[in-house]
Amino acid sequence: MKKSLGKINKIYAMQLATIFIGFIIFGFSENIKGPAIPRIQFDFMLNESQLGTLLSLNALGYLIACSFTAYLTKKWGIKWVTVAAFASMAVSGILIYFSHLYMLFSASYFLMYIGNGMLEIGLAILSARIFVRNTGMMMNMTHGFYGLSSTVAPLIATGLMKVTIAGHTLDWRGMYLVVLLLSVIPILIALFSTFPVDDISHEDRIPLKVLLKDRVLWLMVLVLTFGVVSELAVGGWLVNFLEKAYSWDTINASSMLSIFFLCFALARLILGPLTDRIGFVLSLIISSGFSALCTLVAILGGESVAFLFAASGIGIAMIYPTVMAFIAKRYPKGSDTVITFTVTLMGIGSVIGNYLIGGITGLVKHMVGEDSPTSLLRGLQAGYGFIGLCAALCAITGLILYVHLHKRKEVI
């Protein structure tokens with residue numbers, strides 16, 4: 001009995017290690033781009049609209065991965081999907097290093113987001129299967145590791161870009177190579193792990209047609225989309241905003257992004273248990289509303305209240321894991337399908353969101369007048385204001401969801 005229990009504990013420990021380290025690598029790959037984007041923009045001579053388009057096209061890679069990962073999970077199993085995800089990220093790092101042509105760089109970045117999409121779906125499905133108790137707390141804790149790695153990612157990226165080896169400076173290409181090759185570590189762990197199989201029969205599964213008629217699912221899609229657009233956009237635009245709007249240097253701007261992710265990680269680790277107590281939907285409303293307030297006040301208040309950009313991470317951190325916990329509780333026999341559906345539509349929102357931020361920035365800058373000394377500042381404020389607006393829409397949609405569930409006495 002003890003031997004059997006020890007074996008189970010070892011298997012569970014390996015599963016947790018795969019999830020935790022997987023989210024650490026995921027956090028690195030997603031958020032080292034903050035300090036790198038101004039350099040990428042300079043090297044390829046991109047304007048703000050082109051930069052927004054680049055981020056949108058790469059988010060499209062993430063979206064495409066979300067659309068086929070559930071199918072691969074059923075065919076290959078979560079283990080090999082996870083290995084393939086990490087492998088594609090490692091290969092993309094090698095390709096980025098040698099990408100001196102814009103088309104090759106775009107394709108390499110696209111591949112990295114394919115891996116990110118596969119990884120997120122795989123880790124979400126695995127988490128939904130093994131976290132049957134204290135779901136909200138465990139979901140927030142695992143995603144907290146994403147926040148922790150995201151906290152140090154901008155600083156690591158800034159430091160690595162200055163490292164010189166044999167007279168050659170790594171710069172942003174070498175930085176991506178080093179960070180993405182860390183994916184080899186979780187590949188080795190996953191190869192020696194045993195993952196839970198899908199033990200739900202075809203007859204017991206909730207058909208997609210039935211799910212599509214569920215108003216709750218569509219409201220949750222909107223909550224997740226608005227929340228994640230607001231979350232991911234910070235990693236791509238905050239450093240750029242601070243450097244160009246307030247003339248901050250890279251170290252200070254990257255430090256602010258790191259503080260954002262520190263707030264982000266601590267919120268998930270400390271406040272995660274509260275989601276199980278006060279309810280998932282109420283948690284979504286409170287946290288997204290707080291994030292929207294911090295972001296909009298930070299923009300309107302100017303440089304003196306720039307710390308509120310970082311404080312917004314406390315609220316926005318709770319959105320994604322709380323939605324995943326909600327799905328695991330409400331759809332126990334169809335979580336794979338629901339996760340894939342919601343994250344895929346979220347990916348569409350992310351593509352549109354990044355494009356709109358860049359487009360709004362360029363449009364407002366043009367409207368103010370290219371020759372005006374305040375044109376860039378106003379454009380950046382308008383573009384970043386859209387991030388705050390998305391957080392506000394997340395709170396509003398969450399409130400509509402709460403009212404709908406309350407009427408049906410189905411509040412979770």
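A crossing of two helices is left-handed if the near helix is turned anticlockwise from the far one by less than a right angle, and right-handed if clockwise. The exercises below use this on a predicted model.

**Exercise 1. Describe how α10 packs against α14, including the hand of the crossing.**

Solution. 
- Step 1: Locate the partner. Helix α14 covers residues 319-330.
- Step 2: Read the geometry. The two axes come within 9 Å and cross at roughly 160°.
- Step 3: Classify the angle. Angles over 145 degrees count as roughly antiparallel, so α10 and α14 are roughly antiparallel to each other.
- Step 4: α10 passes α14 in a left-handed crossing.
- Step 5: List the residues that meet. From α10 come V216, M220, V223, L224, G227, V228 and E231. From α14 come I319, Y320, V323, M324, F326 and R330.

**Exercise 2. Describe the packing of α10 against α15.**

Solution. 
- Step 1: Helix α15 spans residues 335-368.
- Step 2: The axes lie 8 Å apart, at an angle of about 45°.
- Step 3: α10 and α15 are therefore oblique to each other.
- Step 4: This crossing of α10 and α15 is right-handed.
- Step 5: On the α10 side, the contact residues include L217, W218, V221 and W237. On the α15 side, they include V338, F341, G349 and G358.

**Exercise 3. Follow helix α10 from the cap at its N-terminal end to the residue just after it.**

Solution. 
- Step 1: Start at the cap. D214 caps the N-terminal end of α10, with a side-chain oxygen 3.0 Å from the backbone nitrogen of V216.
- Step 2: Move along the helix. α10 runs over residues 215-245 and bends by about 45° at W237.
- Step 3: Check its cover. Of the 31 residues in α10, 26 are buried, and the helix is mostly covered.
- Step 4: Step past the end. Just after α10, S247 takes a positive phi of about 60°.

**Exercise 4. Work out how α4 and α8 are oriented and where they touch.**

Solution. 
- Step 1: Helix α4 holds residues 78-97, and helix α8 holds residues 184-191.
- Step 2: They pack at an angle of about 165°, and their axes are 9 Å apart.
- Step 3: That angle makes α4 roughly antiparallel to α8.
- Step 4: The contact is made by K79, W80, V83, F86 and A87 of α4 and by P186, I187, A190 and L191 of α8.
- Step 5: The crossing of α4 and α8 is left-handed.

**Exercise 5. Is T158 buried or exposed, and what does T158 touch?**

Solution. 
- Step 1: T158 sits in helix α6, residues 135-161.
- Step 2: Buried means under 20% relative accessible area. T158 has 7% relative accessibility, so T158 counts as buried.
- Step 3: Leave aside neighbours within four places in sequence. T158 is then in contact with P35, T250, I251 and S254.
- Step 4: With S254 there is also a polar contact, side chain to side chain, at 3.1 Å.

Terms used:
Residues are numbered from 1 along each chain as its sequence is written. This is a predicted model: local features need pLDDT of at least 70, side-chain atom pairs count only at pLDDT 80 or more; totals for chains, interfaces and linings use all residues. Side-chain values use heavy atoms; hydrogens and water are left out. The bend at a residue is the angle between axes fitted to the seven residues ending there and the seven starting there. Helices (H or I, at least four residues) and strands (E, at least two) are DSSP runs, numbered from the N terminus. Buried means under 20% relative accessible area, exposed over 50%, partly exposed in between (1.4 Å probe, protein chains only). A polar contact is a pair of N or O atoms within 3.5 Å; within protein, one must be able to donate a hydrogen and the other to accept it, and residues adjacent in sequence count only if both atoms are side-chain atoms. Axes are lines fitted to C-alpha atoms, for helices over the stretch in contact, and angles run from 0 to 180 degrees between N-to-C directions. Angles under 35 degrees count as roughly parallel, over 145 as roughly antiparallel, 65 to 115 as roughly perpendicular and the rest as oblique. Contact means heavy atoms within 4.5 Å.
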